[in-house]
Amino acid sequence: MMILSSIDPVLLLASLMVASTPILLAALGELVVERAGVLNLGVEGMMITGAICGFAMAVNTGSPLVGFIAAAAGGAVLALLFALLTQFALANQVASGLALTLFGLGLSSLLGQGYVGIKPPPTARLDLPILSDLPLVGRVLFSHDLMVYFALALVALVWALLKYTRAGLILRAVGENHEAAHALGYKVVRIRILAILFGGACAGLGGAYLSLVRVPQWTEGMTSGAGWIALALVVFASWKAGRVLLGAWLFGGVSVLQLNLQAAGLAIPVEYLSMSPYLITILVLVIMSADKSRAPASLGRIFHASQ
Amino acid sequence: MKLTHLLTSAALALGLASAAVAQDKTKVGFIYVGPIGDGGWTYEHDKGRLAVEAHFGDAVETVYQESVPEGADAERAITQMALQGADLIFTTSFGFMEPTLAVAEKFPDVKFEHATGYKTLPNVSTYSARFYEGRAVQGHIAGKMTKSNIVGYIASYPIPEVIRGINSAYIHAKKVNPDVEFKIIWAYTWFDPAKEADAATALIEQGADVILQHTDSTAPQAAAEKAGNVVTFGQASDMSEYAPFPRVSSIIDNWAPYYIARTQAVMDGTWESTQTWDGIGPGMVGIGEISDAVPAEVKEEALALKAAMADGSYHPFSGPLNKQDGSVWLAEGAVADDGTLLGMDFYVEGLTGEIPN
């Protein structure tokens, strides 16, 4: 216990919220895309494009808010490319998604040429007169940057939308059985394009959170795999918004915790600490998915009205 | 069967044709572990590549592949470069050692140069820099600058090069500040800005006010800057965009002279398998401008230390030194031999924690 005393649990919890936000945003977007029956493996590419679009705009305008909006737009534009390929040209979704990742990585390093070593404008933190000053909870809950709260609100919104609204029902219908949805008169392609754009915008926001808040700087290839983790998270979270949040917190939390335990000199071999974020997240979510949850039935299948 | 046969011979013919075209130009290839814009390790190797281009002009063509993962895929990338007709290939990360050897055996006419490794073949050389000399200067400044007496160290992989750096920095920090303590985090990555930033933040939250890094990106610098009162050092590259504070100095890798000399050797037909390990003296390791955030007398001492290592009058691993378990490593007056340094797998006395396997 002597060792653990050097870790401040309040700071640790606060870091957890920051560490989990990028993958939370990206995974939430991909969740909506996959619930609409589309598998977009380009999350990494959309994230990094969002990271540089957001960074560049924030630096040029001096406003992080404009940066985040540009990041969402950048991610969505890249996603539009994927939508055109898969929804109109009926290209293979796996191949198109992988191509999107490679394209996004290349495009972002091109766009980012002049932005290495520049500092972004600081993103405002929530500052509530009384709440932010509370001991413990004030630091953990009420003094983050606004994107943390935006991401949490988005989780609630997506959850409620999918579960309780007609729009959510239609989206799920398209993802479960696109022929039936089409026969009922729903515009399968249009709904899917909207979902893909939403996914791109979310991934872009996640990327910009890395470049504007968590790191904060632009470095080529800076997402380094976060998009793939977000993709895996959606599957392990059985396509449920609440579990995506849990998974992101677990992954972000254990990642930060293991670094803190290392710094504190805990006598657990570093190899085990290093793999713990992946192991624990997968373990918890797999145990939870022992219920009847499964992938959307039309996931990854090509739809054309003539078939 | 027929089709694949046809395709193979077509590919072979293509390969031969491009090899024939490439005869007049010397083709030099580079395999990078990170992106060329990482601002650190790979960035400096790429500066070396550009220096080769500038020096030889049209006589040389360079090619590179960035962000090649260490492991099975590296072999594919190196093979591809050899098939493209490269005459000389630099593989610039420790983890490319086995893939480089495997490809080199298949292409006896191509010369290979592997950075920071220890295995050679008739057509494979190794080269590295004595970064630990730079770490000694860092350790000295770190020991003088820390107020909390806690120095955070972001290590990458538990390989001899990284362990040497930790030991060298610790020995020289301890020398000027007996109360100094090192907190070490193994990131298990060379390049992951988010993780590097998280590691720096974790160390800062646990009291470190000096951060040393052995990872490639500038993310820890940004994290230190955000925290405010934390000192950092540029790693592999000057990282001067974070000067004068938090970055107070840096270790700069200078590969250009070596890359030019080796390319020249291939052109002259004098290339031989060698093991190069140069330090501050020959200029392979540079110490970046020590900023005004460092007190003048500390700066002077650091520069004196640098000069003593450059002219060979001082070796950073000079006895008396004990290993972590208290056993004697170097007696009074003894100096570490290169063999021990190249295979270093132990901490010196005073460091806490265990080196992962």
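Chain A has 12 helices and zero strands. The model described here is predicted.

One helix pair in chain A can be described in detail. Helix H7 (residues 166-176) of chain A packs against helix H9 (residues 188-214) of chain A at an angle of about 105 degrees, and the two axes are 10 Å apart. H7(A) and H9(A) are therefore roughly perpendicular to each other. On the H7(A) side, the contact is made by Ile170(A), Leu171(A) and Val174(A), which meet Val188(A), Ile191(A), Arg192(A) and Ala195(A) of H9(A). Sorted by class, this contact of H7(A) with H9(A) holds six nonpolar residues, no polar residues and one charged residue.

Chain B is assigned two domains: domain 1 covers 22-129, and domain 2 covers 131-252 + 286-342. The C-alpha centres of domain 1 and domain 2 of chain B lie 28 Å apart. Between them, 14 residues of domain 1 of chain B are in contact with 13 residues of domain 2 of chain B. On the domain 1 side of this contact, helix H2 (residues 41-56) of chain B provides the largest share, four residues. The domain 1 side that touches domain 2 of chain B is made up of six nonpolar, six polar and two charged residues.

Chain B also contains an open sheet of six strands, ordered E2-E1-E3-E4-E5-E11 (chain B), with parallel pairing. Strand E2 (60-65) and strand E11 (275-278) of chain B are at the edges with a single partner strand each, so one side of each has no neighbour in the sheet. From one strand to the next, the twist averages 15 degrees. Within the sheet, strand E1 (residues 26-31) and strand E3 (residues 88-91) of chain B pair in the parallel sense over four bridges. Phe30(B) has Phe90(B) in E3(B) as its bridge partner. Helix H3 (residues 72-83) of chain B lies across E1, E2 and E3 of chain B, and runs at about 170 degrees to E1(B).

Which parts of chain B touch chain A? In the contact between the chains, 31 residues of chain B meet 33 residues of chain A. Strand E7 (181-186), helix H7 (193-205) and helix H8 (219-227) of chain B each supply at least two residues of the chain B side. H7(B) gives the most, with nine residues. By class, the side of chain B that touches chain A has 14 nonpolar, 11 polar and six charged residues.

Most residues other than glycine have a negative phi, and most peptide bonds are trans. Leu90(A), which is not a glycine, has a positive phi of about 55 degrees. Leu90(A) is in the loop between helix H3 (64-88) and helix H4 (93-111) of chain A. Two cis peptide bonds of chain B are listed below.

| Cis peptide bond | Omega | Loop holding the proline |
|---|---|---|
| Ala243(B) to Pro244(B) | near 0 degrees | between strand E9 (231-234) and strand E10 (247-253) of chain B |
| Gly319(B) to Pro320(B) | about 0 degrees | between helix H10 (296-310) and strand E13 (321-322) of chain B |

Note on methods:
Residues are numbered from 1 along each chain as its sequence is written. Chains are lettered from A and ligands numbered from 1 in the order in which they are written. This is a predicted model: local features need pLDDT of at least 70, side-chain atom pairs count only at pLDDT 80 or more; totals for chains, interfaces and linings use all residues. Axes are lines fitted to C-alpha atoms, for helices over the stretch in contact, and angles run from 0 to 180 degrees between N-to-C directions. Angles under 35 degrees count as roughly parallel, over 145 as roughly antiparallel, 65 to 115 as roughly perpendicular and the rest as oblique. Two residues are in contact if their C-beta atoms, placed from the backbone, lie within 7 Å. Ala, Val, Leu, Ile, Met, Phe, Trp, Tyr, Cys and Pro count as nonpolar, Asp, Glu, Lys and Arg as charged, and the others, Gly among them, as polar. Domain bounds come from an automatic or database domain assignment. Two strands pair if DSSP finds at least two bridges between them.
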